[in-house]
Amino acid sequence: MQVYRTASHERSRLSEAAQPKGERITATGRIEIDFERCKACELCVPACPKDCIGMGAAVNRQGYASAVFERPDDCTGCAICAETCPDACILVWR
Ligand code: SF4
Ligand code: SF4
């Protein structure tokens with residue numbers, strides 16, 4: 001599996017050309033949203049290309065209903081959500 005990174009971001013993608021013929025490799029990732037720091041701006045929700053993030057109902061100490069990682073099975077670890085969050089509330093593993 002070959003991974004490319006842009007010069008200024010941690011965003012990466014799989015190289016289709018590097019995959020053996022007939023074999024599909026799917027990147028998997030995981031994120032963690034800091035519940036207490038989230039200000040519920042909702043920017044990360046439409047930013048995720050896999051629709052993994054939604055807005056929750058639980059209210060944090062700041063009075064905001066934090067974003068939640070709703071569909072972990074579909075996360076690729078692309079880190080677009082983390083790059084989008086203006087408060088750096090999202091950590092990404094892949
Ligand atoms: S890392 Fe990518 S796929 Fe995973 S939740 Fe964030 S934007 Fe969505
Ligand atoms: S972009 Fe950041 S602050 Fe805004 S809802 Fe998402 S996690 Fe919360």
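Here are some notes on this predicted model, point by point.

1. Ground rules. Residues are counted from 1 along each chain as its sequence is written, while chains get letters from A and ligands get numbers from 1 in the order in which they are written. As this is a predicted model, local features need pLDDT of at least 70 and side-chain atom pairs count only at pLDDT 80 or more, whereas totals for chains, interfaces and linings use all residues.

2. Confidence. Watch residues 1-17, where pLDDT stays under 50. The model does have 21 contacts beyond four places in sequence for that stretch, a contact being two residues whose C-beta atoms, placed from the backbone, lie within 7 Å. Where pLDDT is low, predicted coordinates should not be read in detail.

3. Overall layout. The protein chain has two helices and six strands, in the order β-β-β-α-β-β-α-β from the N terminus. Helices (H or I, at least four residues) and strands (E, at least two) are DSSP runs, numbered from the N terminus. Among contacts between residues at least 6 apart in sequence, 57% join residues at least 24 apart.

4. Strands S4 (residues 53-59) and S5 (residues 65-69) run antiparallel and are joined by four bridges; strands pair if DSSP finds at least two bridges between them. Val-59 sits opposite Ala-65 in S5. Five residues lie between the two strands of this hairpin, and Gly-63 in the turn has a positive phi of about 95 degrees.

5. Ligand 1. There are 14 residues around it, and Cys-48, Cys-52, Cys-75, Cys-78 and Cys-81 come nearest. A residue is near a molecule if its C-beta atom, placed from the backbone, lies within 6 Å of it. The shell has 10 nonpolar, three polar and one charged residues. In this scheme Ala, Val, Leu, Ile, Met, Phe, Trp, Tyr, Cys and Pro count as nonpolar, Asp, Glu, Lys and Arg as charged, and the others, Gly among them, as polar.

6. Cys-75. This residue is in the loop between S5 and helix H2 (80-84). Why does Cys-75 count as buried? Because 21 other C-beta atoms lie within 10 Å, and the cut-off for buried is 20 or more (exposed is 12 or fewer, partly exposed in between, with C-beta atoms placed from the backbone). Beyond its neighbours within four places in sequence, Cys-75 is in contact with Thr-28, Gly-29, Arg-30, Ile-31, Lys-50 and Cys-52.

7. Ligand 2. It is surrounded by 14 residues, with Cys-38, Cys-41, Cys-44, Ala-67 and Cys-85 the closest. This shell divides into 10 nonpolar, one polar and three charged residues. Leaving out neighbours within four places in sequence, Cys-85 is in contact with Leu-43, Cys-44 and Ile-90.

8. The core. Buried residues make up 16% of the 94 in the protein chain. The largest nonpolar core has 13 residues, and Cys-44, Cys-48, Ile-53, Cys-81, Cys-85 and Ile-90 have the most contacts inside it. Such a core is a set of buried Ala, Val, Leu, Ile, Met, Phe, Trp, Tyr and Cys residues joined through C-beta atoms within 7 Å.

9. Glu-42, in the loop between strand S3 (30-33) and helix H1 (44-47), has a positive phi near 75 degrees without being a glycine. Ala-88, in the loop between H2 and strand S6 (90-93), has a positive phi of about 50 degrees, and is not a glycine either. Glu-42 is partly exposed, with 14 C-beta neighbours inside 10 Å, whereas Ala-88 is exposed, with 10 other C-beta atoms within 10 Å.

Note on methods. pLDDT = per-residue confidence, 0-100.
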